[in-house]
Amino acid sequence: MLDVVIGGVLLGALYSLVAVGLNIQYGITRILNLAYGELLIIGAYITFFFSNFYGVNPLFTLILSGLIAYVLGILLQVAVFRGLIHSSSSAEELEFKSLFACFGLIYIIQNLLANIFGTSPIGVPYLMEGISVLGERFKMNMVVVAVLSVLINAVMYAFIRFTKFGLAMRATVEEPAGAQLVGVDVLKIHLVSFSIGCLTAMLAGSMVCLIYPNLTPYSGTFYTIIALITLILGGRGNFLGSVVGAFILGWSHYAMLKFKAALADPIIYVILIMMLIIRPKGLFGR
Amino acid sequence: MSGARGRALSLKGCNSFLLAVLAAILAFFFLAPLFMEVYYLSVLRNSLLLAALTMSWFFFSGTTRYVSLGSAAFFGTGLYFTALYLEQSVLSKHLPVLPLPLLMLMAGLLNFAIAFVVGLISLRLKGMHFAVATFALGVACRGIFDYVVSDFMGTYYTHIPPFSPEVTYYTITVTALAIFLFVFVLYRSKLGLALRLIGENEEVAAHLGVNTSLVKTLGFAVSSMCIGFTGSCYATIFTVTSPKLAFDYQFSFLPPMMAMFGGLGLFYAPLIGAMALSLLRELLGVTLVHYFLLTLGAIIVLIAKFVPEGVVVFLKRRLEVGLGGRLGRLSSS
């Protein structure tokens, strides 16, 4: 029983990092980024590339992955999504258009990765030895990844909660027009929020790569769904809500993996569908 | 909606011309097995199938703008029902051997019933929430079928008795053409009008006396029924099928992508868009898979950025402007 509780918490920590980027992207810019999981897989391939071909320590590749992610996020936002935001008259229209653009992005990223690295599964096995947590045995990498995820999440939370820029971001979620009126540079907010979303996605991807040795260019969809479900559990633009949602998701997923592995994936979709019916605005929605 | 009116006017104007083109296309589809190689026949039937899937999706999601990402759920249910029945009717003596059209009808009606219940529950959601819920439905169906098939059926793979290429071709072609006709008739019926009205503005539709929840649920169920038909006739292509193949993500992603490629404003735009894209995909996608899909992705991003209303709709408008209204005069005369 205890190992399910702890394992669920460890998995939940990773899921919270997976989800937080989409929550920032969708919450602030209203871009429904269906290519989110594919961005995450790019992070995994960056870690694989540097540690396999140049012998860089996998944890150090997180920094490289983050840098590349931030630049990529800025490029994507300027090249693709900025025009969509300008040409859309309402948030619903933007969601609709960004959905279409994301189908294209999914194709581009999947096939670019398949072209460069091939389609055979990759992974960077790292710190595979066991460690004991409160008397239960877990793999070392699970624990390291969970601790790092919590750290990154804490930094993100502090950034949004306590800095002036974070205040501007929260203001844009609440009242876009009003924020613009009091002098918030909404264009810059959108740019930075989208890039931060990419950054956390690819960091999460790099860490997923350390744990699971069977990633292919096509395995991004699962993480898109995890992020979307957490987004709905937590509510749009609600940082803490999405963390709580991720822990619920991680715990139930882990418990089902122990109890009946074949039903582990369906159960999280059933949770989502029930959640949408009972509380479509999220656990803490008003 | 201006698209429907334009369609009606041009039908009046170029009636005989359009009918001749339509007859030529029909004749081509029915005579194709006489002069085409089996490979090109399979390309043609796969494109028709994807176009039929796209049009079924378009009938509900394209008109109401409730984007459904769960086509795979209904496609896979239709496919699996047909495959399982075909296998079981061969293996066991309890089930009568039914003709294929009857099986397809049953698969469609099964989907209609499922979608009616799902629609009643999920159509209260809007926009992104509906999209995510249907997406989850597709993936959940796959997981549940995975579990049921591998735990209760004994084997993961379902064997389907083989069909000859001609039978497969005619089954798919007739189903696809029937779906085009069915969707076209319904699109111009009262139900289609109500759905389009909901797409324009749901509150206005409700004020005008449209029972929006009933219309939406009915539209969703009819659309899913057509998706079930396409899934059911897809079973004739394979000799072996599995939940992974039947509930593939691409059956959820391709219909909205192809429909948006053509454009959602006109009835025939998604049809032309889907035919063009799927023909390209079938012809080039075999030899140069990754390069082709890469280019396709880039084209779709460019279209989303510069021509968000869709290629066919855009071309039609440019043509009308370019001809200086000649087309308009022609159609109104």
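Two residues are in contact here if their C-beta atoms, placed from the backbone, lie within 7 Å. In this predicted model, the contact between the chains takes 36 residues from chain A and 34 residues from chain B. On the side of chain A that touches chain B, the elements giving two or more residues are α3 (61–87), α4 (91–117), α9 (220–234) and α11 (264–278) of chain A, and of these α4(A) gives the most, with 16 residues. By class, that side of chain A divides into 26 nonpolar, six polar and four charged residues. For the complex, the predictor gives an ipTM of 0.83 and a pTM of 0.86.

Within chain B, helix α4 (residues 71–91) of chain B packs against helix α10 (residues 212–234) of chain B at an angle of about 45°, with their axes 7 Å apart. The two helices α4(B) and α10(B) are therefore oblique to each other, and α4(B) passes α10(B) in a right-handed crossing. Residues of α4(B), including F74(B), F75(B) and L79(B), meet residues of α10(B), among them I227(B), F229(B) and Y234(B). Taken by class, this contact of α4(B) with α10(B) has six nonpolar, ten polar and no charged residues.

The mean pLDDT of chain B is 84, and 92% of its residues reach 70 or more. Among the elements of chain B, α10(B) has the highest mean pLDDT (93), whereas helix α1 (residues 2–13) of chain B has the lowest (48). Over residues 1–9 of chain B, pLDDT stays under 50, and the model has ten contacts beyond four places in sequence for these residues. Where pLDDT is low, the predicted coordinates should not be read in detail.

Notes. Residues numbered from 1 in each chain as written. Chains lettered and ligands numbered in written order. Predicted model: local features only at pLDDT ≥ 70, side-chain atom pairs only at ≥ 80, totals over all residues. Axes fitted to C-alpha atoms, helices over the stretch in contact; angles between N-to-C directions. Helix = DSSP H or I, 4+ residues; strand = E, 2+ residues; numbered from the N terminus. Parallel < 35°, antiparallel > 145°, perpendicular 65-115°, else oblique. Left-handed = near helix turned anticlockwise from the far one by under 90°. Nonpolar A, V, L, I, M, F, W, Y, C, P; charged D, E, K, R; others polar. pLDDT = per-residue confidence, 0-100.
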